[in-house]
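Welcome! Take them in order and check each step as you go.

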2 protein chains.
Amino acid sequence: MMTIFEALADPTRRRILDLLREQPRLVGELVDLLETSQPGISKHLRVLRDAGLVSVRKDGQRRWYELRPEALAEVDGWLQPYRHLWEARFDRLENLLDQLQEEEKNDGQT
Amino acid sequence: MMTIFEALADPTRRRILDLLREQPRLVGELVDLLETSQPGISKHLRVLRDAGLVSVRKDGQRRWYELRPEALAEVDGWLQPYRHLWEARFDRLENLLDQLQEEEKNDGQT
DNA sequence: CATTTATATAACAATCTGGTTATATAACTT
DNA sequence: AAGTTATATAACCAGATTGTTATATAAATG
């Protein structure tokens, strides 16, 4: 079975999630919005479902697919210990830029 | 070329990043710490390098691989518009649990 | 009831992935 | 200089992934 990370690796699946972020959608809507055959979309939806990223609700012959954003907390959790590392770097970059700007101002005054 | 999301899909590559989070490492160290052949590790490192997730520094015949955490900001950025969605859900769950606990307390008193 | 519609699954082909072994390359060591 | 060490790349293979077409299934419709 696919992990969340593998599920997110495919760009079409990420687009599906982006579309479901706005609202639940029928399979047919997603087929119209993306350029992949209906069976292709159904297969992607199954992967997303198995990974816990979406849920389905039956409505007669239709299927409403809905985002389950909680599933993304796992990715966020993995990312967590890295966050301060890149934020620290951006802070340092910002400081450097501030400093350069400061120096330039001083140059202008001499 | 592989995107960051594809690079992160492989568990061995995620472990490499986790190890580099602590400190820069030589290829040989990673080979010892993970159970994959040296060429296997080198191939993963190339993928990570192409994705911008690590950088290399030559040191004689050795190569120090170092984490480039800024690259992960892209993943964080993709995740960003989802964050409030799952946080809202967790908040609601918390409220529900509080409420249940409250009701239980009241039941005890009757 | 026959037909159409919405979706899922099967079967298949092409490509990609991740691993391995063998080999190349360049830098140390003796 | 010859041998050893660290790493990268080539060549290859098995299995996975993604896409397609054909088909199954169940619900809606005339």
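A residue is near a molecule or strand if one of its heavy atoms lies within 4 Å of it. This is a predicted model, in which local features need pLDDT of at least 70, side-chain atom pairs count only at pLDDT 80 or more, and totals for chains, interfaces and linings use all residues. Residues are numbered from 1 along each chain as written, chains are lettered from A and ligands numbered from 1 in the order written, and side-chain values use heavy atoms, leaving out hydrogens and water.

**Exercise 1.** Find which residues come nearest to DNA strand C.

Step 1. Among 24 residues around DNA strand C, the nearest are A:Gln61, A:Tyr65, B:Ser37, B:Lys43 and B:His44.

Step 2. Look at the DNA side: sugar and phosphate make up 57% of the atoms of DNA strand C that come within 4 Å of the protein.

**Exercise 2.** Work out which strands are at the edges of the sheet in chain A.

Step 1. Strands (E, at least two residues) and helices (H or I, at least four) are DSSP runs, numbered from the N terminus. Two strands pair if DSSP finds at least two bridges between them.

Step 2. The open sheet has three strands in the order E1-E3-E2 (chain A), with antiparallel pairing.

Step 3. Strand E1 (25-26) and strand E2 (54-59) of chain A are the edge strands, as each pairs on one side only.

Step 4. Check one pairing: two bridges join E1(A) to strand E3 (residues 62-67) of chain A, and A:Leu26 has A:Trp64 as its bridge partner in E3(A).
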